[in-house]
Amino acid sequence: MKLRVVLDLEGRDVYWQMAIDEALLALRSRGEIPSTLRLYRFKPSAVTIGYFQKISEAVNLEFLSERGIQFTRRITGGGSVYHDTNGEITYSVVLPVEGSLTDVLESYRIICSGLVYALRKLGAPAEFVPVNDVVVYGRKISGSAQTRRAGYLLQHGTLMYATDLDTLERALVAPREKLESKGIRSIRERVIVLREVIGDINVEKLVESLVDGFSRALSAEVYYDELSESELRVAGELVEKYRNPSWIFKR
Amino acid sequence: MRQVSLILRYTKTVRLDVILSENCEVRDITISGDFFAYPEDSIERLESRIKGCSSEECIEKAFSELIGVTVLGVDVEDLKRKLIRVIKSCGENSEK
């Protein structure tokens, strides 16, 4: 299979990033674009929460307001995420649901193996932990979330290479029960950034490793492209949803 | 009106917020958390079906319509049992 790769690393705000991901899924499911991998950053740093999360249970609204950190709800399930402009690369991929990607759990494993390959290539002993995590030394370095529409899937996820964990810990709320079940006291004890594992990060090399990793995971031959006008136009139609308090505070 | 909130820990975490009327009928319910469901709106439809329920049979029926839905990170059977227990214990408390 051929996989179009869009390196969109200049950075856009959280509302646009979520709108672009949804636009890619919509256009892919209408057969208007090919299967696409996009690598991007959030600028400014921001928070996203999972589709089913109650906002008051997922983020520290007072802290986000104090710091002026933007936040929105994703169309994908899963937990809350702090996206650090200078410490995290996000990936999104839109693919047809077919073959081994049909089973949801298996599709998480296959797509997340792209991250595992990339991290191992960089010297970090990464492992996939179902449902949706990639861990190094038992600590989470990447989380992913997937939605499916009309026979196509969108999966997006993080790779923390130098995320400011103090801000992450203050911005997000982890249920006490979740931490206790993992035998830890704080979110910080549960996560790790790549810099802690392999030292200073060359972002270019990291991006290259991710592209190679996903190419291997999906047995795909990659080619590079840019976002098209139609993708940006559809995203522009969706962006207001992500800014709308009735979407953000819907739970 | 009574409000009951439960936090249930599976692979993922689920929070159940239930508002019950004086006669133990579910007036409102929110099932929230960091889990995954495919399709996503199946959970909103489940919440709608549960509203108005005051019996185990009604809850059983609401959950039985989750056919073809994939829920990851949650023991749906256990979630259903916990919800039935909420309704039953409301009824028992009302009788006291």
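Q: How do helix α1 and helix α10 of chain A cross, and at roughly what angle?
A: This is a predicted model, and in it the axes of α1 (residues 14-29) and α10 (residues 229-243) of chain A come within 7 Å and cross at roughly 125 degrees.

Q: Which hand does the crossing of α1(A) and α10(A) have, right or left?
A: α1(A) passes α10(A) in a right-handed crossing.

Q: Which residues in α1(A) and α10(A) meet?
A: From α1(A), the residues include Y15(A), W16(A), M18(A) and L27(A). Facing them in α10(A) are residues including V234(A), L238(A), V239(A) and Y242(A). By class, this contact has 14 nonpolar, one polar and three charged residues.

Q: While we're on α10, what about L232(A): buried, exposed or partly exposed?
A: L232(A) sits in helix α10 of chain A. L232(A) counts as partly exposed because it has 15 C-beta neighbours inside 10 Å.

Q: And how many Å separate L232(A) from V135(A)?
A: Their C-alpha atoms are separated by 33 Å, and the two residues are 97 residues apart along the chain.

Q: What order do β3, β4 and β5 of chain A take in their sheet?
A: The order is β4-β3-β5 in chain A, an open sheet of three strands with mixed pairing. The edge strands are β4 (70-73) and β5 (81-83) of chain A, each pairing on one side only. From one strand to the next, the twist averages 20 degrees.

Q: How many bridges join β3(A) and β5(A)?
A: There are three bridges, with β3 (residues 46-49) of chain A pairing with β5(A) in the antiparallel sense. Within that pair, V47(A) stands opposite Y82(A) in β5(A).

Q: Let's look at another pair of strands. What do β7(A) and β8(A) form?
A: They form a hairpin with three residues between them. β7 (residues 126-129) and β8 (residues 133-136) of chain A are antiparallel and pair over four bridges. V129(A) stands opposite D133(A) in β8(A).

Q: I clicked on S142(A) next. Where is S142(A), and is it buried or exposed?
A: S142(A) is in strand β9 (residues 139-149) of chain A. S142(A) counts as buried because 26 C-beta neighbours lie inside 10 Å.

Q: Which residues does S142(A) touch?
A: Leaving aside residues up to four places away in sequence, S142(A) touches L115(A), D133(A), V134(A), G157(A), T158(A), L159(A) and M160(A). Take L115(A): it is 27 residues from S142(A) in sequence, while the C-alpha atoms of the two are 8.1 Å apart.

Q: What angle do α4(A) and α9(A) cross at?
A: The axes of α4 (residues 104-121) and α9 (residues 203-217) of chain A cross at roughly 135 degrees and come within 7 Å. That makes α4(A) oblique to α9(A), and the crossing is right-handed.

Q: Which residues in α4(A) and α9(A) meet?
A: L115(A) is one of those in α4(A), and I110(A), Y117(A) and K121(A) are also among them. In α9(A), the residues include L210(A), D212(A), F214(A) and R216(A). The contact divides into eight nonpolar, four polar and three charged residues.

Q: Time for chain B! How many residues from chain B and from chain A are in the contact?
A: Chain B gives 18 residues and chain A gives 19 residues. On the side of chain B that touches chain A, the elements giving two or more residues are β1, β2, β3, β4 (36-38) and β5 (70-72) of chain B. The residues on that side are seven nonpolar, seven polar and four charged.

Q: What order do β1, β2 and β3 of chain B take?
A: They form an open sheet in the order β1-β2-β3, with antiparallel pairing. β1 (2-9) and β3 (26-33) of chain B each have a single partner strand, so one side of each is left without a neighbour in the sheet. The twist averages 15 degrees from one strand to the next.

Q: And which residue is the bridge partner of I7(B) in β2(B)?
A: It's R15(B). β1(B) and β2 (residues 13-20) of chain B pair in the antiparallel sense over eight bridges.

Notes: Residues are numbered from 1 along each chain as its sequence is written. Chains are lettered from A and ligands numbered from 1 in the order in which they are written. This is a predicted model: local features need pLDDT of at least 70, side-chain atom pairs count only at pLDDT 80 or more; totals for chains, interfaces and linings use all residues. Axes are lines fitted to C-alpha atoms, for helices over the stretch in contact, and angles run from 0 to 180 degrees between N-to-C directions. A crossing is left-handed if the near helix is turned anticlockwise from the far one by less than a right angle, and right-handed if clockwise. Two residues are in contact if their C-beta atoms, placed from the backbone, lie within 7 Å. Ala, Val, Leu, Ile, Met, Phe, Trp, Tyr, Cys and Pro count as nonpolar, Asp, Glu, Lys and Arg as charged, and the others, Gly among them, as polar. A residue is buried if 20 or more other C-beta atoms lie within 10 Å of its own, exposed if 12 or fewer, and partly exposed in between; C-beta atoms are placed from the backbone. Two strands pair if DSSP finds at least two bridges between them. Angles under 35 degrees count as roughly parallel, over 145 as roughly antiparallel, 65 to 115 as roughly perpendicular and the rest as oblique.
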